[in-house]
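This report is for a reader who is new to the structure shown below.

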Amino acid sequence: MQQVVGRTACQNSTDRPLDFKWTSSGKMSSMNRILIIGATGRVGRQVVSQLPATGVRVRALARNPQTAGLPPHVDVVRGDLTLPETLDACLDGIDAVFLVWTAPPATVAPALERIAKHARRIVFLSAPLKTAHPLFQQPNPLRALGEQIERLIETSGHQWTFLRPGMIAANALWWWAPQIRAGDVVRWPHLDAPTAPIDERDIAAVAVRALCEDGHAGAEYVLTGPQSLSQFEQISTIGGVMGRSLRIEEMSPEEAKSELLPFIPELGVKMLLDAWAAAIGQPAFVTSTVAEITGTPARTFRDWAADHATDFRA
Ligand SMILES: NC(=O)c1ccc[n+]([C@@H]2O[C@H](COP(=O)([O-])OP(=O)(O)OC[C@H]3O[C@@H](n4cnc5c(N)ncnc54)[C@H](OP(=O)(O)O)[C@@H]3O)[C@@H](O)[C@H]2O)c1
């Protein structure tokens, strides 16, 4: 990474002071008007909250602005990726876009065409599609969708950066919080499968730099937490920070398919089961990219669990 040569303190609303350490190329770029697509989600909400409150105009695309719950300085505009004609008003006057795509794939091409017509820089929340670790190399339809979006962005002729997080720590809220709130037993498949969960705030910190700084064009950042931890160790960590003694029981993949379907879409269950099964037997892939880009090491899963302990309380 390039050398740290200067600092610009920016006001923001995150719980870590946002003390920008600009890289050697690192001046604020001319990307002053930024649109966040996915602003109400786990990563997008953190990007909104970490974008400097001064010097950057932040707009959020939301399907339902009334319930978006975003800070008052954010210009919230109604839009829907599945209705490309709604995107022009959101994109009007925008320099850079942070893109999260969880919508169905049918409108990818027209939506990307509209985004590319307006924005000069696109930062896309993708996945480690090119990392040769079995956790990331199992075939699934979401992978094909990610590759399609990346191709469209690459051929847009604009500046782009792809963020490739491994497992997002906040998955624990969907996966384990309901069981931990309900009692002391957590049943889960492939407990030995290791991952390196990354705090969504650290993904956002990299996204903010890619959006606001020059020097990240064409970069593909594989982002992980600092440690390889089995799923058993991750659940134990949550129990530990809560002072709870959890009984953690292995569930078969067949049981997982029937028991997890109410919580996780069928496609997601199969994708995760395949990935975890393939990952058993070697440590998770760990990078130091968060520290290299932001100057601050990635948060540990224990940090994340401690900061979310209330989410696991009944
Ligand atoms: N989970 C992981 O471990 C992991 C790992 C690597 C990569 N990823 C990638 O991360 C992305 C998910 O990020 P996340 O967890 O922050 O997402 P999330 O919490 O599920 O939020 C999804 C966001 O997309 C918005 N959205 C959904 N459909 C939309 C539509 N039709 N038009 C406009 N906005 C729409 C949602 O807005 P509403 O408020 O309108 O619903 C919400 O803001 C996925 O692309 C996934 O592949 C995830």
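## A buried histidine in a loop

His190 has a relative accessible area of 14%, so it counts as buried, the limit being under 20%. The model is a predicted one. In the chain, His190 belongs to the loop that runs between strand 9 (185-189) and strand 10 (194-195). Its contacts, leaving out residues up to four places away in sequence, are Gln231, Glu250, Met251, Pro253, Leu273, Trp276, Ala277 and Ile280. The backbone of His190 has a positive phi of about 50 degrees, although the residue is not a glycine. Most residues other than glycine have a negative phi.

## Other single residues

| Residue | Relative accessible area | State |
|---|---|---|
| Gly225 | 1% | buried |
| Val290 | 2% | buried |
| Ser30 | 42% | partly exposed |
| Ala132 | 78% | exposed |

Gly225 sits in the loop between strand 11 (220-223) and strand 12 (229-230). At 1% relative accessibility it falls under the 20% limit and is therefore classed as buried. Not counting residues up to four places away in sequence, Gly225 touches Ala196, Pro197, Ile198, Val286, Thr287 and Ala298. Ala277 is 52 residues from Gly225 along the chain, and the C-alpha atoms of the two are separated by 20 Å.

Val290 is part of helix 11 (residues 289-294). Its relative accessible area of 2% is under 20%, so Val290 also counts as buried. Setting aside neighbours within four places in sequence, the residues in contact with Val290 are Ile198, Asp202, Val206, Leu223, Thr224, Gly295, Thr296, Pro297 and Ala298. For one of these, Ile198, the separation from Val290 is 92 residues in sequence and 9.5 Å in space, C-alpha to C-alpha.

Ser30 is placed in the loop between strand 2 (19-23) and strand 3. With 42% relative accessibility, Ser30 lies between the 20% and 50% limits and so is partly exposed. Beyond residues up to four places away in sequence, Ser30 touches Asp95 and Arg120. Ser30 and Asp95 are 65 residues apart along the chain, with 8.1 Å between their C-alpha atoms.

Ala132 lies in the loop between strand 7 and helix 4 (141-154). Its relative accessible area is 78%, which is over 50%, and Ala132 therefore counts as exposed. The C-alpha atoms of Ala132 and Leu99 are separated by 25 Å, and the two residues are 33 places apart along the chain.

## The nonpolar cores

How many residues does the largest nonpolar core have, and which of them have the most contacts inside it? The core has 72 residues, and those with the most contacts inside it are Ile36, Val47, Phe98, Leu163, Trp176 and Leu211. Helix 7 (residues 200-212) gives the most to this core, namely eight residues. Another core lies apart from it; this one has 25 residues, including Leu81, Ile94, Val97 and Ile153.

Leu211 touches Ser29, Met31, Ile34, Ile36, Val47, Leu51, Ala96, Val97, Phe98, Arg121 and Val123, when residues up to four places away in sequence are not counted.

Helix 1 (residues 42-50) has Val43, Gly44, Val47, Val48, Ser49 and Gln50 as its buried residues. What do the buried residues of helix 1 pack against? They pack against strand 3 (33-37), strand 6 (96-99), strand 7 (121-125) and helix 7.

## Around the ligand

The ligand has 23 residues around it, and the ones that come nearest are Thr40, Arg63, Asp80, Gly166 and Asn171. By class, this shell is made up of twelve nonpolar, eight polar and three charged residues.

In the side chain of Thr40, an N or O atom is 2.4 Å from an oxygen atom of the ligand. Asp80 has a polar side-chain atom 2.8 Å from a nitrogen atom of the ligand. Trp101 takes part through its backbone, where an N or O atom lies 3.3 Å from an oxygen atom of the ligand. On its own, the ligand has 940 Å² of accessible area, and the protein covers 78% of that.

Conventions
Residues are numbered from 1 along each chain as its sequence is written. This is a predicted model: local features need pLDDT of at least 70, side-chain atom pairs count only at pLDDT 80 or more; totals for chains, interfaces and linings use all residues. Side-chain values use heavy atoms; hydrogens and water are left out. A residue is near a molecule or strand if one of its heavy atoms lies within 4 Å of it. A polar contact is a pair of N or O atoms within 3.5 Å; within protein, one must be able to donate a hydrogen and the other to accept it, and residues adjacent in sequence count only if both atoms are side-chain atoms. Accessible areas come from the Shrake-Rupley method with a 1.4 Å probe; for residues, only the protein chains shown count as cover. Ala, Val, Leu, Ile, Met, Phe, Trp, Tyr, Cys and Pro count as nonpolar, Asp, Glu, Lys and Arg as charged, and the others, Gly among them, as polar. A nonpolar core is a set of buried Ala, Val, Leu, Ile, Met, Phe, Trp, Tyr and Cys residues joined through side-chain atoms within 4.5 Å. Buried means under 20% relative accessible area, exposed over 50%, partly exposed in between (1.4 Å probe, protein chains only). Helices (H or I, at least four residues) and strands (E, at least two) are DSSP runs, numbered from the N terminus. Contact means heavy atoms within 4.5 Å.
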